[in-house]
Amino acid sequence: MVAGYDKKGPQIFKVDSEGDRCQLKVCSVGSGSLNAYGILDNHYKPKMTDEEARKLGLRAIMHATYRDSGSGGVCNLCHITPTEKIRLPPMDVSKLWYEFADELGKDIVYNPVE
């Protein structure tokens, strides 16, 4: 994935192992990408605030890594603006899982009924 700003504005490209490039509105790569696309396809909007986009990115990466045994347990984000790139602090995916569940009002811990 290659992302940034140029004279046309924000751009994001998926680059595959053969060197093919495809410009996209949203992009997810790697073994957990299908889980991320499930979130992105349902919640992406063309006009989002920085906070909405950050939260969507966190949620997509969290689902990609939490459900994929081949992925790591840390969520890394970089906020790219026309003038700078801001690397956000790494976040533990397990902590994000519980935060999002709490936000949705779901108890994700299994409690067997007696």
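Predicted model: local features only at pLDDT ≥ 70, side-chain atom pairs only at ≥ 80, totals over all residues.
The protein comprises 3 helices and 7 strands. From the N terminus, the order of elements is β-β-β-α-α-β-β-β-β-α. Along the principal axes, the C-alpha atoms occupy a box of roughly 60 × 30 × 25 Å. The chain has 114 residues, and 25% of them count as buried. Contacts were also examined by sequence separation. Among those with a separation of 6 or more, 33% join residues 24 or more positions apart.

Helix 1 spans residues 33–43, and S33, A36, I39 and L40 are its buried positions. These four residues lie on the same side of helix 1, because they cover an arc of only 120° around the axis. The spacing follows a general rule: an α-helix has 3.6 residues a turn, so residues three or four places apart point the same way. The other side of helix 1 carries L34, D41 and N42, which are exposed. Helix 2, residues 50–66, is included in what covers the buried residues of helix 1.

The structure holds 1 aromatic pair. Y66 and W97 form this pair, with 4.2 Å between the ring centres and 5° between the planes. The arrangement counts as stacked, because the planes of such pairs are under 30 degrees apart. The pair links distant parts of the chain. Y66 belongs to helix 2, whereas W97 belongs to helix 3, residues 93–104. The two residues are 31 residues apart. The partners also have their own accessibility values. Y66 is partly exposed, at a relative accessible area of 33%. W97 has a relative accessibility of 13% and counts as buried, because the cut-off for burial is under 20%. A further ring contact involves a charge. The charged end of R59 sits over the ring of F100, at 4.3 Å from the ring centre.

T65 is likewise found in helix 2. T65 has a relative accessibility of 13% and therefore counts as buried. Residues up to four places away in sequence aside, T65 touches S71, G72 and V93.

The largest pocket holds about 1,600 Å³ of space. Its lining consists of 42 residues. Of these, A3, I12, K25, A53 and C78 lie nearest the centre of the pocket. Five elements are named as giving two or more residues to the lining: strand 1 (2–6), strand 2 (9–15), helix 1, helix 2 and strand 5 (78–80). Helix 2 supplies the largest share of the lining, with 9 residues.

Individual positions in and around strand 2 were then considered. G9 lies in strand 2. G9 has a relative accessible area of 12% and is buried. The C-alpha atoms of G9 and Y66 are separated by 32 Å, and the two residues are 57 residues apart along the chain. Y66 is the helix 2 partner in the aromatic pair with W97.

D16 is found in the loop between strand 2 and strand 3 (21–23). D16 is partly exposed, at a relative accessible area of 29%. In sequence, D16 and M1 are 15 residues apart. In space, their C-alpha atoms are 8.4 Å apart.

L24 occupies the loop between strand 3 and helix 1. At 26% relative accessibility, L24 counts as partly exposed. Leaving aside neighbours within four places in sequence, L24 is in contact with I12, K14 and Y37.

Helix 2 is included in the cover over the buried residues of helix 1. Y66 in helix 2 pairs with W97 in helix 3. Helix 2 also provides 9 residues to the lining of the largest pocket, the largest share.

Key. Residues numbered from 1 in each chain as written. Heavy atoms only, no water. Buried < 20%, exposed > 50% of the residue type's maximum accessible area, 1.4 Å probe, protein only. Arc of directions from axis to C-beta. Contact = heavy atoms within 4.5 Å. Phe/Tyr/Trp six-rings, centres within 6.5 Å; stacked < 30°, edge-to-face > 60°. Lys NZ or Arg CZ within 6 Å of the ring centre and 35° of its normal. 1 Å grid on protein atoms, 1.4 Å probe; cavity = no way out; pocket = protein on both sides within 12 Å on 5 of 7 lines; lining within 4 Å. Points joined across faces, edges and corners; volume = space filled by probe spheres on them.
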